[in-house]
Amino acid sequence: MTNRFKACIAVSSAALIIGGSLSGAARSGADGCGDVGPGGVPPSGCTDPTPTPSAPRNDPPWFAAVQQRDPQFAGSYQGMRERILKDGAIPAKYKLLMGMITDTIAAHPDGVRGLADNARAAGASEAEITEAVEVAYLYGGTAALVMGVNAFPGG
């Protein structure tokens, strides 16, 4: 089984596990609300009195090199990342934990550390981060458990 396939399984599994534990129905962009039409105007009939907060703006360590070489692409990437990682049907902290699980299985220690810190900033508890490391271990084995230690201070 390839690392890429394992990472896909881990992310899918994490989404199912986390999605199953969510209570209540969150607003989804699939209903057209939250989307912006021509001229920056939302579709009629949609009101959103409480805007959702953006994900933490902590760029990955490798991002500076991309930004230096292609600022236009870097801006596109930042916009997409912010849109995807903000609170939505899945809260931002869970999205960041899913990314942390993926980086744990893919053996990216800096990504594990950064995503764990971003998840904390988005409200994830130490217990949630610990369980995310355990999910990574379930799908990635002992190597993922060892890599998951990077999610904790001094790890």
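Tutor: Start with a term. A crossing is left-handed if the near helix is turned anticlockwise from the far one by less than a right angle, and right-handed if clockwise. H4 passes H5 in a left-handed crossing. This is a predicted model: local features need pLDDT of at least 70, side-chain atom pairs count only at pLDDT 80 or more, and totals for chains, interfaces and linings use all residues. Residues are numbered from 1 along each chain as its sequence is written, and side-chain values use heavy atoms, without hydrogens and water.

Student: Why is H4 called roughly antiparallel to H5?

Tutor: The axes of H4 (residues 92-105) and H5 (residues 109-121) cross at roughly 165°. Angles over 145 degrees count as roughly antiparallel. So H4 is roughly antiparallel to H5.

Student: What makes Ala151 touch Val112?

Tutor: Contact means heavy atoms within 4.5 Å. Ala151 meets that with Val112, and also with Met100, Ala116, Arg120, Ile129 and Val133, not counting residues up to four places away in sequence.

Student: What makes a nonpolar core, and how many residues has the largest?

Tutor: A nonpolar core is a set of buried Ala, Val, Leu, Ile, Met, Phe, Trp, Tyr and Cys residues joined through side-chain atoms within 4.5 Å. Buried means under 20% relative accessible area, with a 1.4 Å probe and protein chains only. The largest core has 20 residues. Among those with the most contacts inside it are Leu97 and Ala151.

Student: Which helix supplies the largest share of this core?

Tutor: H4, with six residues.

Technical notes:
Axes fitted to C-alpha atoms, helices over the stretch in contact; angles between N-to-C directions. Helix = DSSP H or I, 4+ residues; strand = E, 2+ residues; numbered from the N terminus. Parallel < 35°, antiparallel > 145°, perpendicular 65-115°, else oblique. Buried < 20%, exposed > 50% of the residue type's maximum accessible area, 1.4 Å probe, protein only.
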